[in-house]
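Hello,

Here is the structure I said I would pass on. My notes on it follow below.

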Amino acid sequence: MILKILISTIAKLKLLAAGIDDIAIYIPKLFVDARDFAKARGMDPDKLQRGLGVSKMAIVDTNQDPACMAANACLRIMERNKIAPKDVGRLYVATESSLDESKAMNSYVIGMLEQVYGNDSFGHCGGIECKFACVSGSYALYDNTNWIRAGEAEGKSAIVVVSDIAKYDLGSSGEYTQGAGAVAMLLNDNPRLMTFDPKVTSTSIKNEYDFYRPFGKETPIVNGQYSNLLYMIQVKKALMAYKDKALSTGIIKLKEGETILDYIDFVNMHLPYSNMGKKALTYLLRHEWRSLPRWKGIIEKMGMQEPVPKDPRGTIESILADEEFMQKDHEFTKRFTMTDEFQEAYDSKLSSSLIASSMVGNLYTASLYMGFRSCMEFEFQKGVDLEGKRFGFGSYGSGSSAMVFSGVIMPAYKEIVKNMNLEAEIGDRRKVSLEEYEQIHESKLSPTQNILEGKKEFVLVGVGSSPELRGQRKYVFKE
Ligand code: COA
């Protein structure tokens, strides 16, 4: 039914269908174990594992950077689908781990892929590097989807690759939400995995300093609690705009007492750490359910009224500084997440998307799409038939902007999802000691002092330092 409505809406709008045909990941094979980390920093390991949902944080070896992770993910998706460079019209890279103020990361990725596919094999292909913290991958997907919808692709595919190293200062509260990895998505006009709903993508934007990384600084300046709340407010704003569009295009029809979230089968949220997904779902459900008849019964069961800040129209700072409200709100959230109603929504819509995040940590731009990948694999393993199911995406980038959009799973999805195996795709991993981790983190080792030998992948072998070659990066493909 959902699929039929989508297909007739696309036809009515005289657009081509467009969406994700396949998705590939690349995760570096070194990781920091959350328990070792907690011990070394004198923290309770439960704070990381239960409080934040962090078990392992993927970290890059000395000979890896965001460009080679991106190229590795692209190569995987091209080889698996037997895609030749001539079939690719656009290759976009979205990242907040940029390597150069001017030269786009795409060019490095193209350079690496041409080592495999031949010099100038991508000469016809266009693309840019996109930046807006963690949301830029969603803008890249949207722009490339529209390139296809408009008929500009002329049968070619687009590849959007999101790649990042989430790195925070040693000893900071962000340090336990690190990670690294890339996700490549193949887009076309006959996608096997998901077709995006047209005319519903919604955004919000505001000049903010919740998380930013000034030129020359390797790690961000973060106001974590402020950023968490801002993320939820911005996504909520975008969700409200999405709701208006979904109702006006007719892709979703609400009956009395229903919310738009009742019609989103799976919710995929940006995941700076796994439990942020739960926090965001809680916030959105509270917002959506508050005005519905079902809320009365939930409040009765919880035995507590929803708290209101002293200044309900105050700023994020004033809300966070309102200690009495924050305490009550924490208690209210705890009770709410224990209700059957919340648990049902959490288990059925969100939980599977959080599994990968706890295995690899924060991937910034790639986190949302790793979550999508995780959701498909683990729901399928549970025996859930995903065909015709609607996925909603809550994308957030600090600074700040949010994007909410949705898509519907296509009948051919099984071809792809039945072969998904996160553990196998990540490959054998090596745990690093805290000493090794800190050496890598503080850039004490050169690219050639790598811990692991790469296999069938691109690695960084050097960065020019002489005045005329400064910053030039050399990569090779390791057979
Ligand atoms: N056992 C179990 N849970 C525990 C615990 C323990 N011993 N100690 C704390 N916790 C829980 C807290 O209750 C809290 O849960 P809640 O969010 O449900 O209330 C959670 O662990 C986090 O603890 P808290 O003290 O709030 O965290 P923090 O001050 O260490 O900061 C972040 C957490 C996420 C804000 C911080 O790691 C950060 O800033 N990370 C970077 C995030 C980022 O990049 N954001 C940018 C864009 S989205």
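In which loop is the place of Ser400? Ser400 sits in the loop between strand E13 (390-397) and strand E14 (401-409). Please keep in mind that this is a predicted model. Most peptide bonds are trans, and most residues other than glycine have a negative phi.

Two residues depart from the second of those rules.

- Asp120 is not a glycine, yet its phi is positive, near 70 degrees. Asp120 belongs to the loop between helix H5 (105-117) and strand E5 (129-130). Its relative accessibility is 56%, so Asp120 counts as exposed, the cut-off being over 50%.
- Ser443, also not a glycine, has a positive phi of about 55 degrees. The loop that holds Ser443 runs between helix H17 (434-441) and strand E16 (457-463). With a relative accessibility of 47%, Ser443 counts as partly exposed.

Asp61 is found between strand E3 (56-59) and helix H4 (66-80). Its relative accessible area is 4%, and buried means under 20%, so Asp61 is buried. What does Asp61 contact, leaving aside its neighbours within four places in sequence? The partners are Leu30, Asn450, Ile451 and Leu452. Leu30 is 31 residues from Asp61 along the chain, and the C-alpha atoms of the two are separated by 6.7 Å.

On annotation, the UniProt record (an unreviewed entry) places the feature "domain: Hydroxymethylglutaryl-coenzyme A synthase N-terminal" at residues 18-188. Over residues 18-188 the chain is 34% helix and 26% strand. The C-alpha atoms at the ends of this stretch are 6 Å apart.

Last, a helix pair. The axes of helix H8 (residues 274-289) and helix H12 (residues 340-350) come within 11 Å and cross at roughly 125 degrees. That angle makes H8 oblique to H12. The crossing of H8 with H12 is right-handed. On the H8 side the contact involves Gly277, Lys278, Leu281, Thr282, Leu285 and Trp289. These meet Glu341, Phe342, Ala345, Tyr346 and Leu350 in H12. By type, the residues of this contact divide into seven nonpolar, two polar and two charged.

Regards

Note on methods
Residues are numbered from 1 along each chain as its sequence is written. This is a predicted model: local features need pLDDT of at least 70, side-chain atom pairs count only at pLDDT 80 or more; totals for chains, interfaces and linings use all residues. Side-chain values use heavy atoms; hydrogens and water are left out. Axes are lines fitted to C-alpha atoms, for helices over the stretch in contact, and angles run from 0 to 180 degrees between N-to-C directions. Helices (H or I, at least four residues) and strands (E, at least two) are DSSP runs, numbered from the N terminus. Angles under 35 degrees count as roughly parallel, over 145 as roughly antiparallel, 65 to 115 as roughly perpendicular and the rest as oblique. A crossing is left-handed if the near helix is turned anticlockwise from the far one by less than a right angle, and right-handed if clockwise. Contact means heavy atoms within 4.5 Å. Ala, Val, Leu, Ile, Met, Phe, Trp, Tyr, Cys and Pro count as nonpolar, Asp, Glu, Lys and Arg as charged, and the others, Gly among them, as polar. UniProt positions are given in the numbering used here, feature names are shortened, and annotations may be inferred rather than shown by experiment. Buried means under 20% relative accessible area, exposed over 50%, partly exposed in between (1.4 Å probe, protein chains only).
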